[in-house]
Amino acid sequence: MSIKSQIENVLESLSGRAQLVAVSKTYPASDVQTAYDMGQRLFGESRPQEMAAKWEALPKDIEWRMIGHLQRNKVKMIAPFVSMIESVDSERLVVAIDIEAAKCERVIDCLLEIHVAQEQSKTGWDYTELLDFVKRGGFDELKNIRVCGVMGIASNTDDESRVRRDFEELARCKEALSEYFSDSFDTLSMGMSDDYLLAVECGSTSVRVGSKIFGRRTYNI
Ligand SMILES: *Cc1c(COP(=O)(O)O)cnc(C)c1O
């Protein structure tokens, strides 16, 4: 199936209940352009170099979201243009983003990535540690970061009840954290190609769909 018809299918199944971040990591800029020509403006990438190269090559009204694990020394590659960093998962990264955003005289929108999956290998904040950091006022002095909500990845399993449990936990975390942030704390980013409809049922406001739109990836990152 073509990228065009797959985007149409995904948008129809969402029917406006959540925004679509088209995850274009590993796919060529020409695929992004195809989706762009259909009106898609939000794209997700996992690697700073790849995102920066696509940003240079493609129309400047694309909103680029970092969704992959981000190393502190790579923040400066994307700080001038990134529209949101969804994968904020440590104090040290928070500080690095604030510094680089200040250098660019920007405020960068961020999501707090929380670890809920059963796999230990998955990234994200331990919720208890995150809550502790928030309560200590960890974000209070940071003028160049705006915290817009929570992001998470469910367990990689066919067991739908486990995936649902992960999504429900993310939704509860977002609810609980919202009292510490302003009204802009309104995004719950969860759901990928295989589970985005379940995620929307559980309250997702933003889904990250890659392979369902662009086809199978030849390698994984
Ligand atoms: C790759 C990736 C996605 C998209 O995965 P698909 O299964 O291709 O839809 C979503 N979120 C994150 C964090 C990713 O790394």
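An oxygen atom of the ligand sits 2.7 Å from a side-chain N or O atom of lysine 25, which counts as a polar contact (a pair of N or O atoms within 3.5 Å). Keep in mind that this is a predicted model, where local features need pLDDT of at least 70, side-chain atom pairs count only at pLDDT 80 or more, and totals for chains, interfaces and linings use all residues. Residues are numbered from 1 along each chain as its sequence is written, and side-chain values use heavy atoms, with hydrogens and water left out.

**Ligand contacts**
- Arginine 208 brings a side-chain N or O atom to 2.9 Å from a ligand nitrogen.
- Serine 211 uses its backbone instead, with an N or O atom 2.8 Å from a ligand oxygen.
- On its own the ligand exposes 390 Å², and the protein buries 89% of that (Shrake-Rupley method, 1.4 Å probe).

**Ligand shell**
- Residues around the ligand (a heavy atom within 4 Å) include Val23, Ser46, Ile67 and Arg217.
- By class, the shell splits into five nonpolar, four polar and three charged residues; Ala, Val, Leu, Ile, Met, Phe, Trp, Tyr, Cys and Pro count as nonpolar, Asp, Glu, Lys and Arg as charged, and the others, Gly among them, as polar.

**Largest pocket**
- The ligand's space is the largest pocket (on a 1 Å grid over the protein atoms alone, an open set of points where a 1.4 Å probe fits, with protein on both sides within 12 Å along at least five of seven lines; lining residues have an atom within 4 Å of a point).
- Its lining of 32 residues has Lys122, Ile153, Asn156, Met192 and Asp194 nearest the centre.

How values were computed: Polar contact = N/O pair within 3.5 Å; in protein donor to acceptor, adjacent residues only side chain to side chain. Sits in = over half its atoms within 2 Å of the grid points.
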